[in-house]
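Here is a short briefing on one protein chain. Keep the structure open and find each part as you read.

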Amino acid sequence: MSFPSENQNPNPNSPLKKRTLRWSDIWLKHTKSKPLNDVVVAAMKLHSLSPRSQKANPLISNLSIIDRTLLLSDELLLKILTKLPDSPQRNSNSLVCKRWLNLQGRLVRSIRILDFNFLLSGRLIHRFPNLNHVDLVSGSLISPSSSAILLSNRVLSMNIDSGSSPNWCFCEENMLPFEVIDNGLSALASGCPNLRRLQVIGASEMGLLSVAEECSTLQELELQSCSDNVLRGIAACGNLQILKLVGNVDGFYNSVVSDIGLTILAQGCKRLVKLELSGCEGSFDGIKAIGKCCQMLEELTFCDHRMDDGWLAALAFCENLKTLRFLSCKRIDQNPGLDEYLGSCPALERLHLQKCQLRDKKSIAAMFSVCRATREIFLQDCWGLDSTMFNFAIICRRVRLVYLEGCSLLTTEGLESVIHSWKELQSLRVVSCKNIKDNEISPALATLFTTLKELRWRPNTKSLLQSSLVGISMGKKGGKFFKRT
């Protein structure tokens with residue numbers, strides 16, 4: 001005797017209707033992941049055959065009919081959640097239930113703290129136990145959220161009150177005490193031993209020392225409001241590879257990083273690959289110590305530096321340096337010394353200058369002399385860079401790529417006189433340089449353009465804009481909407 005299936009009606013005239021398929025039945029029927037299908041079916045069978053699970057809590061048995069994910073272990077469900085694409089919709093998984101909230105927290109690796117009490121209370125470690133990147137800068141500043149005044153800088157930004165004192169050091173007045181920040185660092189270090197990247201402001205030597213002792217895998221550190229004494233704490237970070245030191249920021253805080261701190265740093269962090277010194281002081285001795293001790297250093301950045309005269313010659317001790325950057329520097333080196341004592345960086349490949357003041361001839365000549373082995377030159381929005389200053393770049397005989405943007409004083413003749421001396425030039429990019437004009441291109445320069453592998457020629461963006469507006473009745477003075485009556 002055969003019995004009809006669930007989806008078959010034995011009597012067509014009977015009012016009995018077909019059973020509607022649930023979403024789980026459809027998913028198990030059409031899924032392409034056979035191993036996952038077998039795991040789910042096996043888990044359901046084990047759960048149905050277990051008398052303990054049926055007698056212990058019938059509520060779970062009823063819920064398992066509704067939510068089949070209860071039959072999956074946390075490890076298996078985590079593997080499924082990690083396969084989802086990284087998008088804002090992925091964060092909404094934490095709204096499903098408390099279990100999914102905890103699982104989603106275990107997947108979070110990076111976080112920015114806005115409330116320091118969230119760290120001190122222990123809720124951060126409990127909610128996100130697997131963090132490897134933590135930003136504590138915003139949470140360490142006490143700023144009125146209701147204020148509409150935003151003070152911003154390339155390094156940080158914060159809201160300020162209209163009644164603030166006029167001493168123009170807002171962070172020093174509105175920063176948490178260093179004891180509180182040190183307690184937060186100690187709690188973070190004990191709860192996140194696998195921390196790899198950290199951003200902190202206003203910490204002391206003891207707070208950073210606790211991080212160095214507990215987090216042996218720390219590789220990247222950004223330290224703001226730093227001083228020489230604070231650098232004793234990070235000297236114990238033996239595996240540190242990327243470091244950004246911010247000593248002095250106008251309008252925010254005043255800290256001093258001198259040759260003492262740079263020497264402590266060089267002797268402790270010998271595996272540095274990238275180093276950025278922002279608002280730091282120092283001289284020849286500090287840069288020399290970094291060059292001789294940090295032999296793996298490949299990228300060095302100076303931002304708004306306050307170095308003493310004669311420091312530029314110390315770059316020759318960075319034998320493996322490949323990239324040298326100058327950002328927002330008011331000067332390079334006003335007294336670099338004699339040319340025979342400058343030396344050069346033999347492994348240098350890239351020279352970047354952005355928003356720097358290049359007005360001193362002796363300083364610019366010494367900089368290009370130290371960087372004579374470079375293969376790529378990037379000059380962007382640098383004040384004072386005229387044809388005379390750019391002519392010092394002739395000494396760089398191995399240049400293959402040149403990028404010029406916002407060099408308004410550089411002329412076509414000044415550009416041509418330099419690039420003709422670069423026999424290995426392959427790429428040329430000229431953008432927004434208003435004194436470099438198309439009608440001044442000589443036949444020799446036009447011939448040089450034909451030999452390049454890459455040419456990006458947009459010296460006058462205004463003429464480009466006018467040509468793009470042709471035929472749409474825009475770009476004219478007044479136009480048809482502003483005629484006199």
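Helices and strands are DSSP runs, numbered from the N terminus; a helix needs at least four residues and a strand at least two. On that basis, the chain has 20 helices and 19 strands. Keep in mind that this is a predicted model.

**The chain as a whole**

- The chain has 485 residues, and 42% of them are buried.
- Take the contacts in the chain with a separation of 6 or more: 66% of them join residues 24 or more positions apart.
- The accessible surface is about 26900 Å². Carbon and sulfur atoms account for 53% of that surface.

- How many cavities of 30 Å³ or more does the structure hold? There is one.
- The largest cavity has about 30 Å³ of space.
- Its lining is made of L198, L208, V211, A212, L218, L221, I234 and C237.
- What classes do the residues of this lining fall into? Eight are nonpolar, none is polar and none is charged.
- Helix 12, residues 205-214, gives the largest share of the lining, with three residues.
- Helix 12 has these buried residues: G207, L208, S210, V211 and A212.
- The cover over the buried residues of helix 12 includes helix 11 (178-191) and helix 13 (231-234). Strand 5 (197-201) and strand 6 (220-224) also belong to that cover.
- An α-helix has 3.6 residues a turn, so residues three or four places apart point the same way.

- S204 sits in the loop between strand 5 and helix 12.
- Is S204 buried or exposed? S204 counts as buried because its relative accessibility is 15%, and the cut-off for buried is under 20%.
- S204 touches F178, D182 and V230, leaving aside residues up to four places away in sequence.
- S204 and V230 are 26 residues apart in sequence. Their C-alpha atoms are 5.4 Å apart in space.

**The second largest pocket**

- The second largest pocket has about 260 Å³ of space.
- Its lining has 18 residues. E220, I242, L243, K244 and E276 are the ones that lie nearest the centre of the pocket.
- Which elements give two or more residues to the lining of this pocket? They are strand 5, strand 6, strand 7 (242-246), strand 10 (274-278), strand 12 (299-303) and strand 14 (323-327).
- By class, the lining of the second largest pocket has nine charged, six nonpolar and three polar residues.

**Helix 15 and D259**

- Helix 15 spans residues 284-293, and its buried residues are G286, I287, A289, I290 and G291.
- The cover over these buried residues includes helix 14 (259-268), strand 10, strand 12 and strand 13 (306-307).
- D259 is in helix 14.
- D259 touches G282, S283, D285 and G286, leaving aside residues up to four places away in sequence.
- D259 and K288 are 29 residues apart in sequence. From C-alpha to C-alpha, D259 and K288 are 9.7 Å apart.

**S369 in helix 16**

- S369 lies in helix 16, residues 361-370.
- S369 is buried because its relative accessible area is 8%, and the cut-off is under 20%.
- S369 touches L342, G343, S344 and I395, not counting residues up to four places away in sequence.

**Cysteines**

- A disulfide is a covalent bond between the sulfur atoms of two cysteines.
- How many disulfides are there? The count is zero.
- The cut-off is within 2.5 Å.
- C192 is buried, with 1% relative accessibility.
- C382 is in no disulfide either. The nearest cysteine sulfur to C382 is that of C356, 5.1 Å away.
- C382 also counts as buried, because its relative accessible area is 5%.

Terms used
Residues are numbered from 1 along each chain as its sequence is written. This is a predicted model: local features need pLDDT of at least 70, side-chain atom pairs count only at pLDDT 80 or more; totals for chains, interfaces and linings use all residues. Side-chain values use heavy atoms; hydrogens and water are left out. Buried means under 20% relative accessible area, exposed over 50%, partly exposed in between (1.4 Å probe, protein chains only). Contact means heavy atoms within 4.5 Å. Accessible areas come from the Shrake-Rupley method with a 1.4 Å probe; for residues, only the protein chains shown count as cover. On a 1 Å grid over the protein atoms alone, a cavity is a set of points where a 1.4 Å probe fits but cannot get out, and a pocket is an open set with protein on both sides within 12 Å along at least five of seven lines; lining residues have an atom within 4 Å of a point. Grid points are joined across faces, edges and corners, and a volume is the space filled by probe spheres set on the points. Ala, Val, Leu, Ile, Met, Phe, Trp, Tyr, Cys and Pro count as nonpolar, Asp, Glu, Lys and Arg as charged, and the others, Gly among them, as polar.
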